[in-house]
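Trainee: Could you walk me through this one slowly?
Mentor: Gladly, ask whatever comes to mind.

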Amino acid sequence: MPRDSSEQARERLSALAPVPTDDTTAARHVEQDASLIGRLLVAAGEQARHGQAPGVMPTDVGAALSLFEGMREQLDRLETQVVIEARRRGMDWRQIAQHQGLNSSQAASQRYQRLMTRLEEIRQGVR
């Protein structure tokens, strides 16, 4: 999805409903974790630019790295839920593929199947 399309999508979706004050959804957790990783990278970049004593320690970087697997799992769940909602609302695989930046309906369908397989493996403890 081109950058302009992403910005338009953000604007459209932000108008749907206000963020609940007690939002503990998977999307909120991904947002929080991504924000924390961003803060780590900003702090590390500031240190490098200004030659400051290290404030970002290897344990901080390790903590950031440990967040990715959970974020991937949550993003897979969210993407699967959105695809299911798209199908429920009458979108065909070609339309879904277009919004995902894929070249064919077959690619979108196969992506969905890979997500479902990966999530089932996680559920069963295979991954």
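Mentor: Let me begin with Asp76, which is buried, as its relative accessible area is 10%. Please keep in mind that this is a predicted model.

Trainee: Which side chain does Asp76 meet in a salt bridge?
Mentor: The partner is Arg118, and the N to O distance in this salt bridge is 2.7 Å. Arg118 belongs to helix H5 and Asp76 to helix H3, so the pair ties together parts that lie 42 residues apart in sequence.

Trainee: And is Arg118 buried or exposed, or something in between?
Mentor: Arg118 counts as partly exposed, because its relative accessibility is 29%.

Trainee: How many salt bridges are found in the whole structure?
Mentor: A search of the whole structure gives 10. One of them joins the side chains of Arg123 and Glu120 at 2.6 Å, N to O, and these two residues are 3 apart in helix H5, which means that about one helical turn separates them. Salt bridges with shared partners also link Glu85, Arg88 and Arg89 into one network.

Trainee: What about Asp33, does a salt bridge go with being buried there, or is there none?
Mentor: Asp33, which sits in helix H2, is buried but has no salt bridge, and the nearest side chain of opposite charge, that of Arg28, is 10 Å away. Leaving aside residues up to four places away in sequence, Asp33 touches Leu67 and Met71.

Trainee: Changing topic, which residues of H4 are buried?
Mentor: In helix H4, which covers residues 93-100, the buried ones include Trp93, Ile96 and Ala97. These residues cover an arc of only 100 degrees around the axis, and therefore they are on the same side of H4.

Trainee: What sits on the face turned away, and what covers the buried residues?
Mentor: The face turned away from the buried side carries Arg94 and Gln98, which are exposed, while the cover over the buried residues includes helices H3 and H5.

Trainee: What happens at the start of H4, and what follows H4?
Mentor: At the start, a side-chain oxygen of Asp92 reaches to within 3.1 Å of the backbone nitrogen of Arg94. After H4 comes Gly101, with a positive phi near 75 degrees.

Trainee: Last one: how many aromatic pairs does a search of the whole structure find?
Mentor: The search finds 1. Trp93 lies in H4 and Tyr112 in H5, so the pair ties together parts that are 19 residues apart in sequence.

Note on methods
Residues numbered from 1 in each chain as written. Predicted model: local features only at pLDDT ≥ 70, side-chain atom pairs only at ≥ 80, totals over all residues. Heavy atoms only, no water. Helix = DSSP H or I, 4+ residues; strand = E, 2+ residues; numbered from the N terminus. Buried < 20%, exposed > 50% of the residue type's maximum accessible area, 1.4 Å probe, protein only. Lys, Arg positive; Asp, Glu negative; His and termini not counted. Salt bridge = Lys/Arg side-chain N within 4 Å of Asp/Glu carboxyl O. Contact = heavy atoms within 4.5 Å. Arc of directions from axis to C-beta. Polar contact = N/O pair within 3.5 Å; in protein donor to acceptor, adjacent residues only side chain to side chain. Phe/Tyr/Trp six-rings, centres within 6.5 Å; stacked < 30°, edge-to-face > 60°.
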